[in-house]
Amino acid sequence: MSAFTKLVRFSAGSRTYYGDLVASVNGKYTVRKLNGSPFTKLETTEETVQVETVGSTPRDSSINLTVFKLECPLESVPIIMCIGLNYNQHAKEANLPVPTYPVIFTKPADALAGPFETIDIHPDARELLDYEGELTIVISKDAKNVSEEDALDYVLGYTAGNDLSARNFQRPEASGGQFCYAKSFDKFAPIGHAIVAAREIPDPQVLNLTTKVNGVVKQETSTGDMIWSVRQLISHLSRGTTLRKGTLVMTGTPSGVGYFRKEFLTHGDIVEVEIEGVGATKNRVQH
């Protein structure tokens with residue numbers, strides 16, 4: 001059995017640790033330290049610490065206390081696999097036909113960001129900056145030619161993610177229909193705050209997803225609106241292709257994105273993505 005229920009990663013000075021989130025109250029987290037790595041072996045300990053979010057009010061440096069900060073739940077990933085057009089209502093708002101197979105694109109490893117980081121936006125990516133709240137899968141072990149029946153055996157856990165997108169580079173006349181460049185800027189894939197163990201989510205198609213911008217709900221749906229399920233996505237992505245352990249799969253965004261609202265992110269906006277009972281991100285975008 002997995003050593004964690006809600007996996008987090010935290011730092012103290014230059015060192016980082018994995019832990020199991022025990023409780024959270026007003027941005028303060030009680031975490032049980034774990035030894036090891038989620039992709040080799042994790043062992044539980046009896047040591048618990050109080051962890052703060054990045055950006056919390058600094059303590060008086062004259063007080064000799066260790067400050068633990070919540071970080072991205074994964075130190076690094078091999079690649080981020082992304083799915084486009086995977087919600088029925090999103091396909092309708094985009095007025096696009098559902099293709100025979102899932103739309104696949106990728107983000108590089110450096111797109112990964114933590115759940116409470118400020119995201120610096122390159123000047124050329126600011127014009128049509130958009131949010132996309134998504135259920136995100138973490139692959140637990142190398143997977144190739146996996147059947148739908150066995151697919152969930154390859155899931156370490158689930159988390160919340162935001163597929164940030166520079167739509168000016170994604171428009172067909174700019175990109176020729178290719179998505180990768182518009183979505184591959186550094187830190188354009190914040191995830192977290194925790195990774196919930198796969199055993200805690202027997203059915204990933206009954207989760208509630210909400211995206212807010214400056215506290216206003218923009219996206220709200222159930223993962224039951226997905227066109228291709230988590231099982232189907234893992235099976236499809238692993239067809240003749242090795243999904244390495246640690247790979248993230250962002251499973252697509254529901255309706256309500258800024259592009260179709262004609263509302264785009266500007267300097268100082270705060271985007272929150274929450275998967276009920278799973279994880280939450282809260283990132284400020286900064287010009």
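Guide: In this predicted model, a residue is called exposed when its relative accessible area is over 50%, and buried when that area is under 20%.

Visitor: Why is Asn-26 called exposed?

Guide: The relative accessibility of Asn-26 is 78%. The cut-off for exposed is over 50%, and Asn-26 therefore counts as exposed.

Visitor: Where does Asn-26 lie?

Guide: Asn-26 is found in the loop between strand E2 (15–25) and strand E3 (28–36). The phi of Asn-26 is positive, about 50°, although this residue is not a glycine.

Visitor: Why does Asn-95 count as exposed?

Guide: Asn-95 has a relative accessibility of 67%.

Visitor: What is the phi of Asn-95, and where is the residue placed?

Guide: Asn-95 is not a glycine, yet its phi is positive at about 55°. Its place is the loop between helix H1 (88–94) and strand E7 (103–107).

Visitor: Which peptide bond is cis?

Guide: The bond from Gly-192 to His-193 is cis, its omega being near -5°. His-193 belongs to strand E14, which covers residues 189–197.

Visitor: Which residues does the annotation "domain: Fumarylacetoacetase-like C-terminal" cover?

Guide: According to an unreviewed UniProt entry, this annotation covers residues 80–286. Such annotations may be inferred rather than shown by experiment.

Visitor: What is the helix and strand content of residues 80–286, and how far apart are the end C-alpha atoms?

Guide: The span is 15% helix and 35% strand, and its end C-alpha atoms lie 23 Å apart.

Note on methods:
Residues are numbered from 1 along each chain as its sequence is written. This is a predicted model: local features need pLDDT of at least 70, side-chain atom pairs count only at pLDDT 80 or more; totals for chains, interfaces and linings use all residues. Side-chain values use heavy atoms; hydrogens and water are left out. Helices (H or I, at least four residues) and strands (E, at least two) are DSSP runs, numbered from the N terminus. Buried means under 20% relative accessible area, exposed over 50%, partly exposed in between (1.4 Å probe, protein chains only).
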